[in-house]
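Me: I have a model open and would like to go through it with you. Could you take me through how it is put together?

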Number of protein chains: 2
Amino acid sequence: MPPDARPRPDELPAAPHRVKDEIRRDIIFGSLLPGTRVTEAALARKYSVSRVPVREALRALEAEGFVESKPYAGSTVSDIPADEADDLFLVREALESALARRAARRSSRQFAEDEQGVEWRRVRKDLALLLDEGDTVVAGDDLLPLPELNIRFHLGIAELSGSASLMALLRQISGKIEWLYATDVDNRGKQSWSEHRLVLAAIDAGDAAEAERLMARHVSRSRTGYRGRFAGGKVPGDEVQETG
Amino acid sequence: MPPDARPRPDELPAAPHRVKDEIRRDIIFGSLLPGTRVTEAALARKYSVSRVPVREALRALEAEGFVESKPYAGSTVSDIPADEADDLFLVREALESALARRAARRSSRQFAEDEQGVEWRRVRKDLALLLDEGDTVVAGDDLLPLPELNIRFHLGIAELSGSASLMALLRQISGKIEWLYATDVDNRGKQSWSEHRLVLAAIDAGDAAEAERLMARHVSRSRTGYRGRFAGGKVPGDEVQETG
DNA sequence: AGGCATCTGATTGTATTCAATCCTGACACA
DNA sequence: TGTGTCAGGATTGAATACAATCAGATGCCT
């Protein structure tokens, strides 16, 4: 399995990984604006490590497309791919449809006792908890944690699919999508979240075609919702300059 | 300012990038088999650098999905995503269709003299050379360099599209696709290569819809070709979605 | 003999250190 | 005043050194 998908309490041993996630989070949630030049020394101080793990994190983020680096010129935060939003959603639709279909098909075969089976059930259980957690959030007033839960749900489905390569792609795309959303609250959140249960039900039922259809619709609605909200070039990337 | 920026001999300054490309090449072309445990010291010796650039390269390759790492446990080469091949092609089809469409749309707007224009023309010229080079290869007996040229063509189209995020996705996917192909020679090569000119012509004409359609057909044919060649029966999801 | 603790070798994680390069600003000169 | 040149500091690139951790072998105890 790819890097720890679980909130394992590996406090100490996973320094460069932790730094990478922290930096990415800072980029997505606006603490580091596009175009910002990030120096290794500053990041090292910020996260209380030396420059070596910072450099490794920056290389990984470069591969993920969040920063750009040139030799001896340092790294800068990439631009928010606002004008690529629609196409990102289209790719995501194809990708997540395939993932849902695979997850359903995998679910229909019973993994009774082999090792993959216990892994599958563990992820499946986490997803159930995640859905409940999301319901609680949706019922409340503060929708802030919803985007994070949303990503975790979709990554969970990807994990159920058992496809490492496709899951790596989703991780990359969903990061970008969340980046696009980060300047705004997902006001389709409530309805969007309820659709998750439908998808998961189809997967549990082993109905591959239905799972694929529901997931495609779910993502497609997100896309049209995004277009409606940020219509006509008024995309979040345009107005990030307000604070210095 | 003088129009010619001297093509810098970036031999020396780009060490970790070079190592990364080398390792990936070794993985794709079988010198490093899936499951192989790769130690940093050995790679450092092999490429005549210290462990630091090797570690950075491994982190980037981990983000790209070619190796898997666990803290203190080292890195191993990932499995070839053979059973995910069909879905990878489907995602690639959505992705490259969007890229071709964007490239055509961008071509139709004239980039007369601004800076992006010269970049665009440079890439466009490289693509012309690339097509000729591929024709020469196709005319000969040794088709070995064709897969590499193929990837470079598709990445060139992505560059024309001007979409950094989508291009990063393509880089990741095309690596996997090439990995799948690496065990065999692409026997559809000749016909496949000729289709490239059609796509590029549509882009030059600024016909977005046609470029998208041709690219989709091109990738789709690759997909069916792959399925036919590699005993499609083993693919867990065999629903033929007949198009056109 | 079999199981378990421990020890040793190898490997990874990180910090420190030095060399190479770029960027900024000042300065001299036309 | 404008321009070209050149220091100096700042920053990245890379190597070495050392600490932390794991895996396998060894020997002891039951």
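Reply: Before the helices, one convention: axes are lines fitted to C-alpha atoms, for helices over the stretch in contact, and angles run from 0 to 180 degrees between N-to-C directions. The model is predicted, so local features need pLDDT of at least 70 and side-chain atom pairs count only at pLDDT 80 or more, while totals for chains, interfaces and linings use all residues. Residues are numbered from 1 along each chain as its sequence is written, and chains are lettered from A and ligands numbered from 1 in the order in which they are written.

Me: OK, at what angle do α8 and α9 of chain B pack?

Reply: Helix α8 (residues 189–204) and helix α9 (residues 208–229) of chain B pack at about 165 degrees, and their axes are 8 Å apart; helices here are DSSP runs of H or I with at least four residues, strands are runs of E with at least two, and both are numbered from the N terminus. α8(B) and α9(B) are therefore roughly antiparallel to each other, the cut-offs being under 35 degrees for roughly parallel, over 145 for roughly antiparallel, 65 to 115 for roughly perpendicular, and oblique for the rest.

Me: Which hand does the crossing of α8(B) and α9(B) have, left or right?

Reply: The crossing of α8(B) and α9(B) is left-handed, a term used if the near helix is turned anticlockwise from the far one by less than a right angle, with right-handed used if clockwise. Among the residues making the contact are L198(B) and V199(B) of α8(B), and L214(B) and M215(B) of α9(B), where contact requires C-beta atoms, placed from the backbone, to lie within 7 Å.

Me: And what about α6 and α7 in chain A, how do they cross?

Reply: Helix α6 (residues 146–161) and helix α7 (residues 164–181) of chain A have axes that come within 10 Å and cross at roughly 165 degrees. The crossing of α6(A) and α7(A) is right-handed, and its contact residues include I151(A) and L155(A) from α6(A) together with L166(A) and L170(A) from α7(A). By class, that contact has 8 nonpolar, 3 polar and 3 charged residues, counting Ala, Val, Leu, Ile, Met, Phe, Trp, Tyr, Cys and Pro as nonpolar, Asp, Glu, Lys and Arg as charged, and the others, Gly among them, as polar.

Me: Switching to strands: what is the strand order of the sheet in chain A?

Reply: In chain A, 3 strands form an open antiparallel sheet in the order β1-β3-β2, where two strands pair if DSSP finds at least two bridges between them. The edge strands are β1 (37–38) and β2 (67–70) of chain A, and R37(A) has T76(A) in β3(A) as its bridge partner. Helix α3 (residues 51–64) of chain A lies across β2 and β3 of chain A, at about 115 degrees to β2(A).

Me: How many residues does each chain bring to the contact?

Reply: Chain B and chain A supply 38 residues each. On the side of chain B that touches chain A, α3 (51–64), α4 (85–108) and α7 (164–181) of chain B each supply at least two residues, and that side has 21 nonpolar, 6 polar and 11 charged residues.

Definitions and conventions: Two residues are in contact if their C-beta atoms, placed from the backbone, lie within 7 Å.
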